[in-house]
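The following exercises are to be worked with the sequence and the structure at hand. Each task is followed by a solution in steps.

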Amino acid sequence: MATIPLTKRGAEKLKDELTRLKSVERHAVIQAIAEARAQGDLSENAEYEAAKDKQGFIEGRILEIEGKLAAAQIIDPAALDAGGKVVFGSTVDLEDEDSGAQVTYQIVGEDEADLKQGLISIGSPIARALIGKEAGDVAEVQAPGGLRHYEIVGVRYI
């Protein structure tokens with residue numbers, strides 16, 4: 001099984017979700033199933049079916065998170081020393097060469113990605129174009145709107 005890169009913050013979020021699913025959500029769905037069973041005939045009981053579906057989702061998510069955490073390679077961006085190169089976990093300040101717009105992204109794992117917060121997945125086209133480059137380099141990114149050129153203004157490990 002391949003390792004899954006996660007930032008320290010991303011691993012903590014997954015652990016928190018796992019704890020919530022096991023200690024809160026699992027017990028709530030068990031209670032809902034018990035209440036639906038008490039209503040009698042299960043063959044026409046929509047509440048029972050909905051609770052069983054939710055239970056299946058919760059148990060599946062628990063297994064998924066446990067698998068990811070078991071295969072995780074947890075990286076603390078603050079402890080990185082990549083000599084100014086863009087690597088997993090680094091925060092990169094970019095300038096679009098066409099529009100002059102400046103953006104900042106942190107390269108994170110698949111589960112952590114949230115573009116609105118400036119967190120891009122290691123598997124995204126822009127992250128793949130940035131990996132290995134350093135400040136002053138230009139990255140070419142094949143975006144849905146066409147080829148984009150970004151100058152790397154700065155690389156930080158925070």
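**Exercise 1.** How do the residues of the lining of the largest pocket divide into nonpolar, polar and charged?

*Solution.* The model is a predicted one.
Step 1. The lining is made up of 15 residues, and those nearest the centre of the pocket are Tyr-105, Leu-115, Ile-120, Ser-124 and Ile-126.
Step 2. Sorting the lining by residue class gives 11 nonpolar, three polar and one charged.
Step 3. At least two lining residues come from each of strand E5 (119-121), helix H3 (125-130) and strand E6 (138-143).
Step 4. The volume of this pocket is about 190 Å³.

**Exercise 2.** Determine whether the span of helix H2 agrees with its number of residues.

*Solution.* 
Step 1. Helix H2 covers residues 46-70, which is 25 residues.
Step 2. The buried residues of H2 include Tyr-48, Ile-58 and Lys-68; among the elements covering the buried residues are strand E1 (4-7), helix H1 (8-38) and strand E2 (72-75).

**Exercise 3.** Is Asp-93 buried or exposed?

*Solution.* 
Step 1. Asp-93 belongs to strand E3 (residues 91-96).
Step 2. Its relative accessibility is 17%; buried means under 20%.
Step 3. Asp-93 therefore counts as buried.
Step 4. The side chain of Asp-93 makes polar contacts with the side chains of Thr-104 (2.8 Å) and Arg-156 (2.9 Å).

Key
Residues are numbered from 1 along each chain as its sequence is written. This is a predicted model: local features need pLDDT of at least 70, side-chain atom pairs count only at pLDDT 80 or more; totals for chains, interfaces and linings use all residues. Side-chain values use heavy atoms; hydrogens and water are left out. Helices (H or I, at least four residues) and strands (E, at least two) are DSSP runs, numbered from the N terminus. The expected span of a helix is 1.5 Å times one less than its number of residues. Buried means under 20% relative accessible area, exposed over 50%, partly exposed in between (1.4 Å probe, protein chains only). Contact means heavy atoms within 4.5 Å. On a 1 Å grid over the protein atoms alone, a cavity is a set of points where a 1.4 Å probe fits but cannot get out, and a pocket is an open set with protein on both sides within 12 Å along at least five of seven lines; lining residues have an atom within 4 Å of a point. Grid points are joined across faces, edges and corners, and a volume is the space filled by probe spheres set on the points. Ala, Val, Leu, Ile, Met, Phe, Trp, Tyr, Cys and Pro count as nonpolar, Asp, Glu, Lys and Arg as charged, and the others, Gly among them, as polar. A polar contact is a pair of N or O atoms within 3.5 Å; within protein, one must be able to donate a hydrogen and the other to accept it, and residues adjacent in sequence count only if both atoms are side-chain atoms.
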